Amino acid sequence: MNSPPHRANILDANLNAVGFGVVQHGDTLYAVADFARIVPRLSDGQVEAAIAKLLAARGMQTGVSSSDVRKICEMDHGSAGETKPGFVMRWQTTDLSRLPPGLEERLQTKTYHSAVVGACSGANGGSGFTTYSVAVLLY
């Protein structure tokens with residue numbers, strides 16, 4: 001607790017897991033502590049609902065996700081389906097409590113009035129790390 005960086009890690013409210021490792025080499029013991037934040041595995045629908053709630057709090061009317069929006073989430077660029085959004089934002093995150101700065105900037109322009117959210121499997125799906133992949137279409 002006397003080390004400011006260690007104290008900050010120990011008291012960080014965002015961290016909710018800790019792991020310890022100890023190894024002996026000769027007469028010396030070496031120990032390490034790993035502080036982390038566990039990210040829950042959520043369904044695409046749960047991810048979409050969390051992002052839609054953030055958008056609604058900013059005055060956006062949110063629509064129901066569709067297979068087209070989820071396809072757009074999986075794409076590197078462009079859009080799918082018949083309707084053409086005014087803006088598309090894709091990102092990966094482990095934190096569903098905030099929107100990315102680029103999307104926040106677009107929302108502040110008040111140019112857009114409705115949004116549709118799509119979630120898809122993260123790029124790290126098989127790595128053991130939970131990452132949410134999200135697309136927001138603004139109209």
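Phe-87 is buried in this predicted model, because its relative accessible area of 15% falls under the 20% limit for that class.

Attention can now turn to charged side chains. Side chains of opposite charge can pair when their charged atoms come close. A search of the whole structure finds three salt bridges. In one of them, the side chains of Glu-48 and Arg-70 meet at 2.7 Å, N to O. Because Glu-48 lies in helix 2 (residues 44-57) and Arg-70 in helix 3 (residues 67-74), this pair ties together parts that are 22 residues apart in sequence. Glu-48 is buried, with a relative accessible area of 8%, whereas Arg-70, at 32%, is partly exposed.

Another salt bridge joins the side chains of Arg-58 and Glu-104, at 2.9 Å from N to O. Here Arg-58 lies in the loop between helix 2 and strand 3 (61-63) while Glu-104 lies in helix 4, so the pair ties together parts that are 46 residues apart in sequence. Arg-58 is partly exposed, with a relative accessible area of 31%, and Glu-104 counts as buried at 19% relative accessibility.

There is also a salt bridge between Arg-98 and Asp-95, whose closest N and O atoms are 3.4 Å apart. Arg-98 counts as exposed at 56% relative accessibility, while Asp-95, with a relative accessible area of 18%, is buried.

The surface remains to be considered. Met-1, Ile-10, Leu-11, Val-18, Phe-20 and Phe-35 form a nonpolar patch there, and together they have about 610 Å² of accessible area. Helix 1 (4-11) and strand 1 (17-25) each supply at least two residues of this nonpolar patch. One of the patch residues is Val-18, which lies in strand 1 and counts as partly exposed because its relative accessibility is 44%.

Methods. Residues are numbered from 1 along each chain as its sequence is written. This is a predicted model: local features need pLDDT of at least 70, side-chain atom pairs count only at pLDDT 80 or more; totals for chains, interfaces and linings use all residues. Side-chain values use heavy atoms; hydrogens and water are left out. Patches are made of residues with over 30% relative accessible area and no salt bridge: like charges are joined within 9 Å, nonpolar side chains (Val, Leu, Ile, Met, Phe, Trp, Tyr) within 5 Å. Accessible areas come from the Shrake-Rupley method with a 1.4 Å probe; for residues, only the protein chains shown count as cover. A salt bridge is a side-chain nitrogen of Lys or Arg within 4 Å of a carboxyl oxygen of Asp or Glu. Helices (H or I, at least four residues) and strands (E, at least two) are DSSP runs, numbered from the N terminus. Buried means under 20% relative accessible area, exposed over 50%, partly exposed in between (1.4 Å probe, protein chains only).
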